[in-house]
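Hi everyone, thanks for coming.

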Amino acid sequence: MIRVGIIGGSGLDDPDILENARKIETDTPYGQPSSDIMAGLINDVQVLILARHGRKHQYSPTQVNNRANIHALKQAGATHILATTACGSLRGEIDRGHFVILDQFIDFTRFRKTTFADSFENGAVHTAMAHPFNAGLRDVLYDAATDLGLHVHEKGCVVTIEGPRFSTVAESNMFRLLGADVINMSTAPEAMLANEAGIPYAAVAMATDYDCWKQDEAPVTWDEILAVFNKNAHNVKELLIKAVSGITTQTTTQERQNRMDLKQTIRSIPDWPIKGVIFRDLTTLMQDPDAFRRSCDILYERYKDKGLDKIVGIDARGFVFGAVLAYRLGIGFVPVRKKGKLPHKTIEQSYSLEYGEGTLEMHEDSLNPGEKVVIVDDLIATGGTVGATVKLVRQLKADLLECAFIVELPDLKGRAQIADCPVFSITEFEGE
């Protein structure tokens, strides 16, 4: 499920853009975030808004607890983060009121916490930061700004300095020489932490002034920033609303591509284990670290908010994917094994499949009545094994939410074996 976190700066955190808004009060291992989180909907997409500087703008840039802010959004389930920020322009072509979709940063902060790892006691942490702003989210922001007819620059490097003071003329000129296009006091530490937390992050900067490098203008003042800012605040809100919908469309397209990519990692072996059977070998997917991770991520995203009690995995590859899912959800894992493999008292169910027959067993005390469970296996073909597993789960009176598979072979009509149970599959081989 998509849940977009929005970090608003300098007044760009208006919760009125949300439908059915509610407040989420949160604490983190890194202290209190700058504000509570306002949760609600934008065009039926779940959104979380956090005020970077506090609801009353009470925190200076250096005081902002970026670690708590990012952790709070992750804790609330943010799958993406969009950030807004006011900035000074270091380029003549970036005028007041223009928007810049940031693609790089230069960090000139000195007093910020920029990692969640206070030590390497639990292992070294060196987060890759070559491209700190997510390319897909940047595309969404740029397309939204273009569609709205805003003056927008497709990319730009931001230099982030300590605040709350503004630059000297010497500093402003130095930043221009370093290749920075805009300057602010917030983005770099936030981007670092979002990347370390594994949350796609992008930021749109609104130019409010020319810092102090332009000698034909008076140096920037806070009142000047507010005046430009207030004039363009509506545009920022419209941009965010449109971008949130764009994330939904892009994510749907990306998920479709991800599933196609995963399919390409699965090896097909004809006439195995008997003639006429095309065996879909998922060991090649599991050997590919990116494909294996993405498969597990898709399952986790689907079930992380379902309130499950246990995952039931079918012998044998259902153990692989099911155990990872149970671990990530923080719940128990129940193995369903072939007959004679479980040591304690069991219940059993026979089944048939396209190339043989067998019996599955489950410990009779593995599930409690009413527990919410999902059955996980690598593949559904004729549905024999999962059909037997469904009967075992229901015999123990658990609440079966769904059966989940990495691969489905629709031509073999396995769903008919469990017609009264929802089925989810990541990819399928139909007519192949």
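Let's start with a polar atom of the T160 side chain: 3.1 Å away from it is the backbone nitrogen of A188. That's a polar contact, meaning N or O atoms within 3.5 Å, where within protein one must be able to donate a hydrogen and the other to accept it, and residues adjacent in sequence count only if both atoms are side-chain atoms.

Quick housekeeping: this is a predicted model, where local features need pLDDT of at least 70, side-chain atom pairs count only at pLDDT 80 or more, and totals for chains, interfaces and linings use all residues. Residues are numbered from 1 along each chain as its sequence is written, and side-chain values use heavy atoms, leaving out hydrogens and water.

Where is T160? You'll find T160 in strand β9, residues 157–161 (strands are DSSP runs of E, at least two residues, numbered from the N terminus). So is T160 buried or exposed? Buried, with a relative accessible area of 0%; buried means under 20% and exposed over 50%, using a 1.4 Å probe and protein chains only. Beyond neighbours within four places in sequence, T160 is in contact (heavy atoms within 4.5 Å) with residues including I106, F108, M185 and A188.

Now hop over to F99, in strand β6, residues 99–101. F99 is buried too, at 2% relative accessible area. Setting aside neighbours within four places, its contacts include L150, V152, V204, M206 and L239. And C87 is 12 residues from F99 in sequence, with their C-alpha atoms 9.4 Å apart in space.

How values were computed
Helix = DSSP H or I, 4+ residues; strand = E, 2+ residues; numbered from the N terminus.
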